[in-house]
Amino acid sequence: MTEKQFFKQLQEKTDRVFKNSEVYSKNKDKNWYYSICNGPIYSKKPIVFGLNWGVSQDKDFEGHQAQTSYPSIIDNDTWPFKTHVNHYLLKYFGYTFDEVNYSNLCFFRTPNTDYLSYQDWRDAIPLFKEYVEYINPPYLIMMGAPKYLNEQELSSIENHGVLPEGKNRRSFVRTGVLFYKFKFGSVPHSAAHISPNTHDILWKILKEKFK
């Protein structure tokens, strides 16, 4: 199955699941919809992912469209998040953002995760699992804490804490095995209130744990 064929199959399934979801039933008038990936699908390349797709905060926002077409290019080259991830990916893993897969654990768009119920996550994560299994990545890097993954989905978890100078709260790298097969690590999101030096230390730890 080609990447485009797989995308179409996953998109059709996502559409059915989304339209039967709790978040859709409660927010049908919002036109938030869903996305699957932000760029082409690269088989056997790493996956970088977050929690879920956001919603535009533009005051004139009238709604997103469902992602129904295979994305042949990476969206939004000026995206600050992309710039952040690109820096550390290139420094520690030898990839640019344009050379890896980018998605989210939940394909459903919302202004924040508070809009997603427990059942929404249970409905959404199997869709992401299909995406991961098709790509068969050497590892996945999650931006943010993996708090919505259960023990069956994320196993062998290890926490690696760093206490930044002058702070009284640790920042963490978490590593484990995703879906019983794939090497997994998480680092704080680019929006986390930690210094560039702390981000650098955490990405370096992740690289060492992936060896």
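Predicted model: local features only at pLDDT ≥ 70, side-chain atom pairs only at ≥ 80, totals over all residues.
Me: Where is Tyr33 found, and what is its phi?

Reply: Elements here are DSSP runs numbered from the N terminus: helices are H or I with at least four residues, strands are E with at least two. Tyr33 is in the loop between helix H2 (22–26) and strand E1 (47–52). Its phi is positive, about 60 degrees, although Tyr33 is not a glycine.

Me: What about phi of Ser156?

Reply: Ser156 is a residue other than glycine with a positive phi, near 55 degrees. Ser156 is found in strand E4 (residues 154–162), and at 55% relative accessibility Ser156 counts as exposed.

Me: Now salt bridges. How many are there?

Reply: The rule asks for a side-chain nitrogen of Lys or Arg within 4 Å of a carboxyl oxygen of Asp or Glu. By this rule the count is 6 salt bridges. One of them joins the side chains of Lys13 and Glu130, at 2.6 Å from N to O. That pair links distant parts of the chain, 117 residues apart: Lys13 is in helix H1 (residues 3–19) and Glu130 in helix H4 (residues 118–135). Lys13 is partly exposed, at 28% relative accessible area.

Me: Which residue does Lys91 pair with?

Reply: Lys91 meets Asp200 in a salt bridge, 2.8 Å from N to O. Lys91 lies in helix H3 (residues 80–93) and Asp200 in helix H5, so this pair ties together parts that are 109 residues apart in sequence. As for accessibility, Lys91 counts as partly exposed at 46%, whereas Asp200 is buried at 17%.

Me: And which partner does Asp29 have?

Reply: Asp29 forms a salt bridge with Lys30, and the closest N and O atoms are 3.7 Å apart. Asp29 counts as exposed, at 60% relative accessibility, while Lys30 counts as partly exposed, at 34%.

Me: How many disulfides are there?

Reply: A disulfide is a pair of cysteine sulfur atoms within 2.5 Å. The count by this rule comes to 0 disulfides. Take Cys37: its closest cysteine sulfur is in Cys106, 15 Å away, so that is too far for a bond. Cys106 is in no disulfide either. Cys37 is buried, with a relative accessible area of 2%, and Cys106 is buried too, at 0%.

Me: Last one: which residues form the positive surface patch?

Reply: Patch residues have over 30% relative accessible area and no salt bridge; like charges are joined within 9 Å, and nonpolar side chains (Val, Leu, Ile, Met, Phe, Trp, Tyr) within 5 Å. Lys and Arg count as positive, Asp and Glu as negative, with His and the chain ends not counted. Here, Lys183, Lys204, Lys207 and Lys211 form a positive patch. Lys204 lies in helix H5 (residues 196–209) and is partly exposed, with a relative accessible area of 44%.

Key: Residues numbered from 1 in each chain as written. Heavy atoms only, no water. Areas by Shrake-Rupley, 256 points an atom, 1.4 Å probe, with all protein chains shown as cover. Charge placed at Lys NZ, Arg CZ, Asp CG, Glu CD. Buried < 20%, exposed > 50% of the residue type's maximum accessible area, 1.4 Å probe, protein only.
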